[in-house]
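Please examine the sequence and the three-dimensional structure shown below. The paragraphs that follow lead through a metal site, a sheet, and the pockets and cavities.

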Amino acid sequence: MTTRLITGATVWSGPACTPEPAWLLLDGGRVAGTGTGAPPPADEVVDLAGHHVLPGFVDVHLHLTQAAWYPHGGDAWRWRGLADALDAVRAAAAADPAAPWLLFWDAARWTWPEGRLPTARELDQAAPGRRVLISTADMHRGAVSPAGLAAAGLPAGRGGELGDDISRDRRGRPTGELWEAAFGIALQRALTDTEDHAGGGVGAVLAAEARRCLSLGITHAHDPYVPPGWHDRMTWLRSATPLRLSWATGPAAGMHSPAPGPDAAPGGPYGDSGREVKLFADGGDRCAIRLPSRAALGLLRGAVQQSLRLRRPGPLREALRRRLVIRPRHVHTPYLRYTDTELARLMARYAGAGVRMRIHALGNLAGGQAARLLQQAGVPPALATIDHLMLLDPATADRVAASGASVSYQPGFIPRYGDMLTGMRVDRYATVLGGRRLLQAGVPLVLSSDYPSGPLDPLANLRAAVDRRYPGGRELQPEEALSREEAVRAATVSAAASLGALGAGGIQAGQPADLAVCDGDPFAPATRVTQTWVAGTVAWSS
Ligand SMILES: [Zn+2]
């Protein structure tokens with residue numbers, strides 16, 4: 001074994017990730033020690049003067065297999081309304097007559113004066129006969145053309161288990177607007193067809209995405225959903241890249257469909273972690289929130305204000321489409337995906353089979369349900385992560401802490417969606433991405449990207465956890481900020497611990513030498529990752 005000594009750097013060492021000027025000794029693939037006194041002898045000395053050495057980033061919620069196909073579609077983030085959308089569809093149809101689908105990602109629909117996505121008819125007029133899919137930024141809602149709906153096998157008539165996930169006109173015909181499970185089915189169809197079209201290039205597409213992760217200091221990427229049929233491909237990808245890789249599976253039809261139970265889950269391990277399933281307690285666009293009664297009027301005022309600002313009724317019309325249940329003391333959105341009985345049963349079955357659960361809960365109502373049922377079913381903390389908990393209240397934070405589950409949250413949503421959330425005024429009635437509240441309640445807190453729904457760059461996400469700023473410089477609930485060390489811990493050691501993966505001890509003797517080397521203070525805006533080490537080897541270097 002070769003020993004290597006890193007000198008001159010600030011090392012964020014130990015499970016607490018405490019930064020201090022120190023030497024760092026590596027022995028083969030492991031850390032042999034770190035210290036501040038006279039450095040020990042080594043076979044090789046690596047001078048990293050002025051650099052910071054952090055544990056490699058472990059991103060527990062990174063849709064690698066979906067994001068890998070983004071370059072095969074168009075970027076819709078900057079569209080400012082329906083006209084931009086339809087222009088882009090027309091241009092893409094003309095530019096690539098052979099593409100099986102015309103795909104567009106990241107539509108910020110809520111900024112559009114119309115408030116809505118194009119209808120199937122409008123898409124068909126722009127690109128006659130073509131399969132078109134436009135995804136909103138959250139990947140839980142989209143617009144699909146008539147040919148796309150047919151290809152995805154979505155029912156043209158009413159009824160069926162997809163129910164409200166397919167919007168329909170007065171005569172019961174699909175409008176082209178899809179939500180949650182229905183959208184997931186169309187997305188999976190589109191990705192599979194696009195892959196088939198790419199032929200032998202699938203491996204190269206995935207490997208390129210893995211390299212991109214390494215270039216940002218990510219040493220372990222965890223894909224929260226791959227269809228069971230892609231399990232073997234993930235195992236291959238793990239063998240083809242130095243990036244540590246793990247994943248969850250779920251239903252074959254699409255990410256947001258009901259979970260099929262542990263019998264359908266491939267045998268483990270799943271790369272660098274154990275078996276895991278993704279469950280959706282609520283939706284993404286349709287999340288299950290419970291707020292104080294006065295919020296009903298406040299949210300409506302927010303929508304009116306947005307409509308006035310855009311001089312169009314779109315935002316108000318959208319707000320009125322949302323279902324709101326009014327009770328004497330509170331209001332809630334009835335968007336839980338499972339009844340208590342259904343979810344409790346699923347949890348017991350997966351826990352009984354030793355399959356870890358990654359439970360999507362954006363709203364506090366969904367987070368509360370998940371935590372309550374995890375506790376009731378006696379699910380061991382090591383088998384549960386609650387993802388997002390974007391909207392939170394004190395009672396829900398305590399309930400989640402009592403369940404013992406880890407929470408993976410995405411401070412990178414603040415720069416991306418902060419304007420929308422404050423525009424809707426939800427920040428007046430709930431804690432948004434409440435990192436501090438979760439830590440104080442005693443929840444093991446993990447920071448993840450949810451890329452491509454959120455930004456991928458871990459350094460940007462660390463900074464967002466600490467400064468909580470969105471474009472324009474305003475801060476969102478600054479009392480929820482993490483300290484720098486807390487943020488680094490959440491993105492590295494706590495993340496690894498939540499997966500039961502290597503790296504939970506941080507940079508200390510005996511731990512894997514997975515490192516993100518930065519060219520300066522990681523919290524300075526200009527700082528970049530310049531080297532990524534996995535198991536003591538430079539896996540990527542600028
Ligand atoms: Zn996600």
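Along the sequence, the residues that donate atoms to the zinc ion follow the spacing H-x1-H-x386-D. The structure is a predicted model, and in it the zinc ion is coordinated by His61 through NE2, His63 through NE2 and Asp450 through OD, at 2.0 to 2.1 Å. Histidine 63 and aspartate 450 are both buried.

Strand E24 leads on to a sheet. In general, the strands of a sheet pair through backbone hydrogen bonds, in either a parallel or an antiparallel manner. Here, 5 strands form an open sheet in the order E15-E19-E20-E22-E24, with parallel pairing. Strand E15 (276-280) and strand E24 stand at the edges, where each has a single partner strand; therefore one side of each is left without a neighbour in the sheet. On average, neighbouring strands of this sheet are turned by 25° against each other, direction ignored. Within the sheet, strand E20 (residues 384-388) and strand E22 (residues 406-409) run parallel and are joined by 3 bridges. Aspartate 387 has serine 408 in E22 as its bridge partner.

Attention may now turn to the open spaces of the model. The largest pocket has a volume of about 870 Å³. It is lined by 41 residues, and those closest to its centre are Asp285, Ile289, Arg322, Met424 and Val426. Which element gives the most to this lining? Helix H8 does, with 7 residues. Among the elements that each supply at least two residues are strand E16 (290-292), helix H9 (314-321) and helix H13 (413-424). By class, the lining of the largest pocket comprises 24 nonpolar, 9 polar and 8 charged residues.

The second largest pocket has a volume of about 410 Å³. Of the 22 residues that line this pocket, Glu161, Asp165, Ala181, Pro258 and Arg337 lie nearest its centre. Helix H5 (residues 180-198) provides the largest share of the lining, 3 residues. This lining divides into 10 nonpolar, 4 polar and 8 charged residues.

The structure also holds cavities, and a search of the whole structure finds 4 of 30 Å³ or more. The largest cavity has a volume of about 130 Å³. Its lining consists of 16 residues, with Pro55, Gly56, Gly503, Pro512 and Asp514 nearest the centre. These lining residues divide into 7 nonpolar, 7 polar and 2 charged. The second largest cavity contains about 70 Å³ of space. Strand E6 gives the most to the lining of this cavity, with 3 residues, and E6 and H15 each supply at least two. The residues that line the second largest cavity include Phe57, Val58, Asp59 and Asn461.

Is leucine 26 buried or exposed? Leucine 26 is buried, because its relative accessible area is 1%, and a residue counts as buried under 20%. Leucine 26 and glycine 283 are 257 residues apart in sequence, and their C-alpha atoms are 45 Å apart in space.

Notes. Residues are numbered from 1 along each chain as its sequence is written. This is a predicted model: local features need pLDDT of at least 70, side-chain atom pairs count only at pLDDT 80 or more; totals for chains, interfaces and linings use all residues. Side-chain values use heavy atoms; hydrogens and water are left out. On a 1 Å grid over the protein atoms alone, a cavity is a set of points where a 1.4 Å probe fits but cannot get out, and a pocket is an open set with protein on both sides within 12 Å along at least five of seven lines; lining residues have an atom within 4 Å of a point. Grid points are joined across faces, edges and corners, and a volume is the space filled by probe spheres set on the points. Helices (H or I, at least four residues) and strands (E, at least two) are DSSP runs, numbered from the N terminus. Ala, Val, Leu, Ile, Met, Phe, Trp, Tyr, Cys and Pro count as nonpolar, Asp, Glu, Lys and Arg as charged, and the others, Gly among them, as polar. Donors are N, O and S atoms within 2.8 Å of the metal (3.2 Å for Na, K and Ca); water is not among the atoms, so sites may look incomplete. Buried means under 20% relative accessible area, exposed over 50%, partly exposed in between (1.4 Å probe, protein chains only). Two strands pair if DSSP finds at least two bridges between them. Axes are lines fitted to C-alpha atoms, for helices over the stretch in contact, and angles run from 0 to 180 degrees between N-to-C directions.
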